[in-house]
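Look at the model first, then read the points below.

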Amino acid sequence: MELSMIILKQIVLMFIYMMIGFLLYKKKFVTKQGSKELGLILLYVILPVVIVKAYLVTFSAELLRGLALSFAASLLVLLLSMLLSRVVFRSRYPIEQFSSAFSNAGFIGIPLVEMTFNDSLAVFYVSSFVALLNILQWTYGIVVMTGKKDSIAPKKITTNPIVISFLLGIILFFLPVELPEVLNSAVTAISSMNAPVAMIILGTYLAQMKLRELFTDRMVYLCAFMRLVVIPLATAVLLALIPGNEMLKMSVLIVAATPVGSNVAIFAQMEDMDYTQAVKDICLSTLLCIVTIPLVVSAAGVIL
């Protein structure tokens, strides 16, 4: 219960950031183009720095085992998520299938895990999840959205900033390298921007929606239910089968329980699909997660 309360407090804090973004957009201090540019800063600078920072730890056999276990657990959880989403939505609802399969592990999951545990090891464990999620979005996700297996672009994977930062972080983990104090301070300062900037951007997305449309689409509710309840609870059951390391399992569960990732809107735009439907999936699930994440974590405390 204590962990659930900590998470609830952090989610409330993140929603305060989100409301700042909402008001900034409504008051025209931030435009649609401005929110897009903030998103690029988050994707290409802040989030990669957060991931690299997670691997700036002293190498040990125990950490290596944790890395291997987190990678395996993350892959199993993501495969389960994709399977359940495919069973429920199939090819008839590609946006919802993509939305429910892939959580907002980077923009919401990492800062939430970081604030909840106040331990860089927690981010160390979930960085594998974020990297794998991005790879699967640009492979399996593209196939889901287009219906074409030949639409996978390897270049998009190899040039993805999250994947690059993950690989760089792994290299730094294995090498006995210590960053200069000034550079280390810069990394710490930039990584601390992750939660506020991510949630301000999501607030601008919410401000672009008509709230009436957001709460009247049954398919959006089903998508949110899958993303926030069914998949996280199934994830908890799966993680219960993995022995030991409670922080690792709870960290993976938290990122798997986060709302719909914002990338679905980018993919929908890219493929000339219904962008507003994708934004509705993002916004409703983000609003509802303030209730579902603490409840799921409480339930998982019994299961794990």
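Asp217 is buried, at 17% relative accessibility. Buried means under 20% relative accessible area, exposed means over 50%, and partly exposed lies in between (1.4 Å probe, protein chains only). This is a predicted model: local features need pLDDT of at least 70, side-chain atom pairs count only at pLDDT 80 or more, and totals for chains, interfaces and linings use all residues. Residues are numbered from 1 along each chain as its sequence is written, and side-chain values use heavy atoms, with hydrogens and water left out.

**Salt bridge Asp217–Lys280**
- Asp217 and Lys280 form a salt bridge through their side chains, at 3.1 Å from N to O.
- Asp217 sits in the loop between α11 (211-214) and α12 (218-240), and Lys280 in helix α15 (residues 275-303), so the pair ties together parts 63 residues apart in sequence.
- Lys280 is buried too, with a relative accessible area of 11%.

**Salt bridge Lys249–Glu246**
- The closest N and O atoms of Lys249 and Glu246 are 3.6 Å apart, in a salt bridge.
- Both residues belong to helix α13 (residues 246-256), 3 residues apart, or about one helical turn.
- Lys249 is buried at 4% relative accessibility, while Glu246 is partly exposed at 47%.

**Count and criterion**
- A salt bridge needs a side-chain nitrogen of Lys or Arg within 4 Å of a carboxyl oxygen of Asp or Glu.
- By this rule there are 2 salt bridges.

**Helix α3**
- Helices are DSSP runs (H or I, at least four residues), numbered from the N terminus.
- Helix α3 (residues 61-89) has 29 residues and should span 42 Å at 1.5 Å a residue; its end C-alpha atoms are 42 Å apart, which agrees.
- The expected span is 1.5 Å times one less than the number of residues.
- Arg90 follows α3 and has a positive phi, near 50°.

Conventions: Helices (H or I, at least four residues) and strands (E, at least two) are DSSP runs, numbered from the N terminus.
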